[in-house]
Every structure is written in structure tokens, then in C-alpha cells.
Amino acid sequence: MRHRSYACVWKTWVKHTMKYISTRGKAPALGFEDVLLAGLASDGGLYVPEKLPTFTDLDLQRLATLPYAQLAFEILSLFVDGEIENDALRDMINDSYAEFAHSAVTPLVQLGHDEWVLELFHGPTLAFKDIALQLLGRLFDHVLSKRNQRVAILGATSGDTGSAAIEGCRHGEHVDIFILHPHQRVSEVQRRQMTTVLDNHVFNIAVQGNFDDCQAIVKASFADQSFLPDGRQLVAVNSINWARIMAQIVYYFYAAFQLGAPGRQVSFSVPTGNFGDIFAGYLASQMGLPVKRLLIATNRNDILHRTLSDNDCEPHELHHTLSPSMDIMVSSNFERLLFDLYQRDGAAIADMMSAESGAMRLSDDALLAARRMFSSARADDQQTCDTIAECYRRTGYLLDPHTATGVFAAQQYAHVQAESGPIITLATAHPAKFPDAVKRSGVASCVDLPAHLSDLFEREERFTVLPNDAAAVQRFVAERCTADVEGKANQ
Ligand SMILES: *Cc1c(COP(=O)(O)O)cnc(C)c1O
């Protein structure tokens, strides 16, 4: 359905009609607040809006002039749909983006004629995860204090989600935070950003496994929460949480508007791991934003690239790369796209997801539909370094290794596609987070951490190493989320 002057129509006519349904078709539909706290649906699926709000060109023209936080309110209020009062929501959005170091929140930088970079790393932990998690922390606190409820936040991180979640949620009064990271497989800056937060209700767990192992423990724990003490529930900060995807839709609109949308089509190249960020871009296009193409940029862990190019969905061994936040083989949010590709047939998705791993193939129709919107590319570590070096030589602009995979994909696409039009690569992290990759690129540039992190290497760290075993992690969580926070000895 199309909402012409949605700002008033939406509020008065269709209050509380935004429902969220599971991609596996069995779990009950929920409203926004319940979805915010739900994580995985009870049938193992992921929540998506039952109906997406859409914008007409006239709507888009009006939105195109708004500053970031106001645009965010206009878009997000459609998804929250009155479950949180508009004034409170507006305040939370304003507070979240006031934390950012750039007044445009997500500024665009031009590298070449049709070549742009959208800087998403001006938040407190220097990666794009802050954009959603600054808001998520505030939403949790608002809803939990209204419900007078205390919860355990449980999340897995390939490097950047952990610190952004801790930074976004640490001031909440109703949460204990448990973050799993793969032991010795995140960069030192990434680890220290998490482990030097010594608040009593923040627990960092280094799992002796890789990111997929961490994510599997988190998913198993959400599926069966009986290990928790009575009255506690888990809350998700990974991109299985709908509210994270929702917050990421905004910058696709914001960036496209700066380059002339709705009067002009743009493409986006997205460094991809769990498929959350690029799925938000897909939603933006489904909501009416004129997006020409979405480029899935992968590193050596290229299952999404293989799926799109050869219908090869077989998981390979996970490799440790220079872009660790993309070292993921099982991309959770791909299920949200599959749900649409299979005409929202929850039973079909449930079947696919329970099939033997490796046996999965997309139907011809689904593959065709995916290829209408998405292209993909894969950059190995050498190509990543070459891209950092080439870009720096040509423009003086320093890319982080994740962003470099995106720029690589954008260049490949522009190469095969004459008149590609503007391509915006999402700059997902600040290069100071990954000094080793920058050094390996041979770029004679040293990037300092910003002032608020300048003493990061002197700070005390605290974390617990646990085996790659769900029961061990669950025991640890259960023991630490019972006591009241003040009286509790940390780890
Ligand atoms: C998380 C992350 C990604 C991958 O984003 P997904 O939403 O998981 O696809 C890419 N780059 C950086 C720097 C990240 O932190």
C-alpha cells in the first residue's frame, strides 16, 4: 500500500498495524516492542515486517532535504508504528546521532567520477555497527524500564558488533551484557575496545572457535533459554535483531538523496558478512528508493559470491582474513532475502534451513530474482591490499580493509558495466581499527586512533576464555545474570 502524506495518514488511520512475521512461517506475529526483545523467532526463523511501508516519488522528494536524524525519525517511526510514543522515539534518535563525530552523521566522499564512499564509521567505536547499536541500547532501556524487566543481552561478534553493542548498551540499567568473540581472531584494537570496558554487568567471552561457532552457540541459546534463571530472557544485538536492520535502512536513503534521488538511480557496494547491512539496502529499494544495483562484496570467505554466480551454496572452511568482520560462512540474514525470493513461503524456508548443510541450492526462479537486484565479487587479501594502495596513490584516501573489498567490487562492476552510474561503497570501518592491513598494503600513512581511544593500548583488559561448547557458555551466563549488579563480583 502506498501512503501519500504518510506523516499524518499513518498516525491516524493505521495505528499499531505494523506486525512482524517469521521467515519460517510458524511463530506468532509480533509488534515492534516484542520483536525488539525477541531475537530469533520461536520457530528458528527471523522476523521481517509483514508489509513494508513504501514511499512515492513525492514522499521521497520531501524526505530528500532532511538532516540525518530527522530522516531517521520519518523512516523508523513507520516501523515502530506508535508502540513507542513519537516524542520519545525522536529524542532517542536525536541522542543516538548526536554522539557521532561528523555533523552529517554519514558523510559522502567522492573518490572518482562515479565513485563514492559513504563513511559509516563516525560513531564511538569507529564501525558502522554504531549506527544501529547506539539506538538499540536506548530502545532497550526505554522498553525494559517501561516493563520493569531485566534481561541478558547475548551476542556473537566477528569483531565490531561486540564493542558497538557494549558501547550502545553499557549505560542501560536493565541489562547484563555477554559478548562472545572468537579467541585470537579479532584485531587487537577490536578486542581492546570490548575488553577494556570494565563495567560490572559487561562480560566478554573469548570462545575457542571461529565466528560461526560463536554464532551457533548464540542461536542455540536463543532457541532454548531454559538454562537461564527464572524471569530472565535473552535479547539479541546481532543482526538477527530486526531493529538493527531497520536502523541501517536510513543511510541508504540519506546517501542516495545526496546524489539526486529520487531523480537519479544509484548503486551500492556493500562489504558483506552476515548479510545484514546489504539486506537493509534491499529493503530501501523495496520501499521505493531508486536503487540500480546492490553489490555483495566478499573476502576469501565467498559463499555469497559463489551462490550468486554459480548457485554453489556449499560452506567451505572458514579463513582468517585481513577483513575479519566479514569472516563468516553462515550469513544469517540471507534467510530474510530467501523468504522474499520464495514468495514468502515460510514452510519452504523451514525445509531449506533444516536440509543437510551443503545440499542447499536455490531454485531457478529464486536465483533469477536475486540476480535482478544483486551482483557480487570476491577480493582476497592481496586484492584487498592492492585496492588500499591503488586508492591511496590515486586519491590520497585511506580505506580500511573491509571497505577496500567494497571498492574492489565497485571497480569490477564499473569495468564490466558501461555507464554504471554512481556507485556508493559503504565505508564500514575506520582504517585506524586495522593498522596491520594498512601496513601490509605498503601505504606510507599512519592513522592514529581518535582522541577518545588514544590510550586504548594502556587500558586494563578483562575477558574469560571458554571452550567452544554451548553448555559451558550457558553456565557462565546463567551464573552471572542472577545477582543484582552492585553486589556482584565480575568474572
Ligand atoms: C559487521 C561488518 C561488516 C559486515 O556487515 P554484515 O551486516 O554482517 O554483512 C563489514 N564490515 C565491517 C567493518 C563490519 O564491522
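This is a predicted model: local features need pLDDT of at least 70, side-chain atom pairs count only at pLDDT 80 or more; totals for chains, interfaces and linings use all residues.

**Walking through the model**

Let's start with helix H13, which is mostly covered: 7 of its 8 residues are buried. Buried here is under 20% relative accessible area, exposed is over 50%, and partly exposed is in between, with a 1.4 Å probe and protein chains only. Helices are DSSP runs of H or I with at least four residues, strands are E runs with at least two, and both are numbered from the N terminus.

Residues are numbered from 1 along each chain as its sequence is written, and side-chain values use heavy atoms, with hydrogens and water left out.

Back to H13. Which residues of H13 are buried? They are Phe-334, Glu-335, Arg-336, Leu-337, Leu-338, Phe-339 and Leu-341, so you get Glu and Arg in that list along with Phe and Leu. After H13 comes Gln-343, with a positive phi near 55 degrees. Then there's Arg-344, in the loop between H13 (334-341) and helix H14 (346-354). Arg-344 also has a positive phi, near 60 degrees, and isn't a glycine. Its relative accessibility is 33%, so Arg-344 counts as partly exposed.

Another non-glycine residue with positive phi is Asp-81, near 55 degrees. You'll find Asp-81 in the loop between helix H4 (68-80) and helix H5 (86-98). Is Asp-81 buried or exposed? Buried, because its relative accessibility is 3%.

**The sheet**

Now the open sheet: 5 strands in the order E8-E5-E6-E7-E13, with parallel pairing. Two strands pair if DSSP finds at least two bridges between them. At the edges sit E8 (234-236) and E13 (464-467), each pairing on one side only. On average, neighbouring strands in this sheet are turned by 30 degrees against each other, direction ignored. For angles, axes are lines fitted to C-alpha atoms, for helices over the stretch in contact, and the values run from 0 to 180 degrees between N-to-C directions.

Inside the sheet, E5 (residues 151-156) and E6 (residues 175-182) pair in the parallel sense over 6 bridges. To find your place there, look for Ala-152, which stands opposite Asp-176 in E6. Over at E13, 4 bridges join that strand to E7, and the two run parallel. Gln-208 has Pro-467 in E13 as its bridge partner. E13 has two faces: Thr-464 and Leu-466 are on the covered one, Val-465 and Pro-467 on the uncovered one. As a reminder, in a regular strand the side chains alternate between the two faces of the sheet.

H7 (residues 160-169) lies across E5, E6 and E7 (202-208), running at about 170 degrees to E6. H9 (residues 211-223) lies across E5, E6, E7 and E8, at about 150 degrees to E5.

Next, Gln-474, in helix H19 (residues 470-480). Why does Gln-474 count as buried? Because its relative accessibility is 16%. Leaving aside neighbours within four places in sequence, Gln-474 is in contact with Ala-220, Ser-221 and Phe-227, where contact means heavy atoms within 4.5 Å.

**Cores and a proline**

On to the nonpolar cores. A core is a set of buried Ala, Val, Leu, Ile, Met, Phe, Trp, Tyr and Cys residues joined through side-chain atoms within 4.5 Å. The largest one has 114 residues, and Phe-253 and Phe-268 have the most contacts inside it. Helix H10 (residues 242-258) gives the largest share of this core, 14 residues. A second, separate core has 27 residues, among them Ala-152, Ala-156, Val-207 and Ile-217. So Ala-152, the residue opposite Asp-176, belongs to that second core.

Phe-253 itself touches Phe-55, Leu-60, Leu-71, Ile-75, Ala-284, Met-287 and Leu-289, not counting residues up to four places away in sequence.

Last stop is the loop between H10 and strand E9 (266-271), where Pro-262 sits. A cis peptide bond joins Ala-261 and Pro-262, with omega about 10 degrees. That's my tour, happy to take questions.
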